[in-house]
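Biologist: I would like to learn how to read the features of a model like this one. Please take me through it step by step.

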Amino acid sequence: MSSADGAAICTNGLGWYLYGVVGAGDKSPRLDAKGLAVDPGHDVELVVEGPLAGVTSRVSLEEFGEEMLPDRLGDAAWLEEKISAHERVLERVLHELSIVPCRFCTVYRSERELRRFLAERKDALQAALDRVHGQVELGVKAFVDRKRFAAGEASRNEKIRDLQERAGSAEGGTAYLERRRLEQLVSSEVERLRSTASRDIHSRLLARADDGLTLALQAPEVSGRDNQMIFHGAYLVDVSEAEFKATLGSLAVEYRDLGVELELTGPWPPYNFVPTELRAS
Amino acid sequence: MSSRDLESYRSGQPAQLADVLERVLDKGIVIAGDIQINLLDIELLTVKIRLLIASADKARELGIDWWEGDAFLSRGNGHSELEERLRKLEEKAGLPTSPERGRSDT
């Protein structure tokens, strides 16, 4: 640590972890549960600055300071615990209030810096808050069960039916080749399904949402599912969620026969619908 | 809505850690000039933290806006290119390349 820096550091070695920003005029969320915060020894509290309030908690700068972070981040258990706490606090707030979520490890070294941020970026923060007012983020994933898809396709697709029959009756090397051709054909049909289904699902869900976007597809080791993910989206939806869920229900029924299963995640803090960077106003 | 529709999609299970990670680490508001990290790649993380030390304003002055470059950073191929850019910037700014950690935005 350079000496020029020393003056800015809190003498007690505590910083302010910022989870997100809410409107100060709104009711206060209940955040008094013990052990909720990323640093469980400290309580979650609101720091009110004008019309806005930061959802914060004190953190040890020994644990969350720049020097220590690279090491901490290599510690999967630490990371998982802290990230879960970050999300848990935001979800607690989300039950009662609209919130602009911050990215993990947004840490201020002093209350003064935190307040300065809230004051200086007031307009941009207010605009971000207005955009997500009364809304939550919902995640939607679609997975295809390849076997069920292929079985369904066989009734519609003559080529697949032929190959299935030939692969079934052939022996040895011929059977192997037929099976491979069948696999390739099914793969290209799955790819076609992915392309058409994702367009269809996204546009119909978007019509029931305030905003929406598609996210990167997750590999099976990430999604934890054997079935291939063919769609992944996030939507900014009215907190009642009813219209959106009705449409999702209809989609799920329609796509079930193709071996496609839909999954809903959330409600999430609107991570995907806040500016990624907040410039000084 | 019929009960059939309600049961037609999965939901309500505890959030997958992967979904939480993707959002908490890669989305949400980023405040330039404050401690901020992209943990998806620890190696890149240290690069970012080194850039952070030069402070966001200085970095902007030097024409680098790494906080907007997450897609570039996380796409994988840019590691060495980024390291090279960082080295050049540090030289240009007269910053030590060894991790002497200080911040200038007091």
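Modeller: Start with a strand pair: strand 7 and strand 8 (residues 228–238) of chain A are joined by four bridges and pair in the antiparallel sense. Strands here are DSSP E runs of at least two residues, helices are H or I runs of at least four, and both are numbered from the N terminus. Two strands count as paired if DSSP finds at least two bridges between them. This is a predicted model, in which local features need pLDDT of at least 70 and side-chain atom pairs count only at pLDDT 80 or more, while totals for chains, interfaces and linings use all residues. Residues are numbered from 1 along each chain as its sequence is written, and chains are lettered from A and ligands numbered from 1 in the order in which they are written.

Biologist: Which residue of strand 8 of chain A is the bridge partner of A:Asp211?

Modeller: In general, strands of a sheet pair through backbone hydrogen bonds, either parallel or antiparallel. Here the partner of A:Asp211 is A:Leu236, and A:Thr214 stands opposite A:Gly233.

Biologist: How many bridges join strand 6 of chain A to strand 8 of chain A?

Modeller: Ten bridges join them, and the two run antiparallel. One residue to look at is A:Leu138, which stands opposite A:Tyr235 in strand 8 of chain A.

Biologist: In what order do the four strands of the open sheet in chain A lie?

Modeller: The order is 7-8-6-9, with antiparallel pairing. Strand 7 (211–214) and strand 9 (260–268) of chain A are the edges, each pairing on one side only. On average, neighbouring strands of this sheet are turned by 20° against each other, direction ignored. Axes are lines fitted to C-alpha atoms, for helices over the stretch in contact, and angles run from 0 to 180 degrees between N-to-C directions.

Biologist: Why is strand 8 of chain A described as largely enclosed?

Modeller: Burial is a count of neighbours: a residue is buried if 20 or more other C-beta atoms, placed from the backbone, lie within 10 Å of its own, exposed if 12 or fewer do, and partly exposed in between. Nine of the eleven residues of strand 8 of chain A are buried, so the rest of the structure largely encloses it. For chain A, buried residues make up 38% of the 281 residues.

Biologist: Which helix lies across strand 8 of chain A?

Modeller: Helix 9 (residues 172–206) of chain A does, running at about 5° to strand 8, and it also lies across strand 6 (135–144), strand 7 and strand 9 of chain A. Residues are in contact if their C-beta atoms, placed from the backbone, lie within 7 Å.

Biologist: What domains does the assignment give for chain A?

Modeller: Domain bounds come from an automatic or database domain assignment. For chain A these are domain 1 (3–133) and domain 2 (136–273). Their C-alpha centres lie 37 Å apart. The contact takes eight residues from domain 1 of chain A and seven residues from domain 2 of chain A. Helix 4 (residues 76–94) of chain A gives the most to the domain 1 side, with three residues.

Biologist: Which residues of helix 2 of chain B are buried?

Modeller: Seven of the ten residues of helix 2 (residues 17–26) of chain B are buried, among them B:Val20, B:Val24 and B:Leu25. Just after this helix, B:Gly28 takes a positive phi of about 90°.

Note on methods. Two residues are in contact if their C-beta atoms, placed from the backbone, lie within 7 Å.
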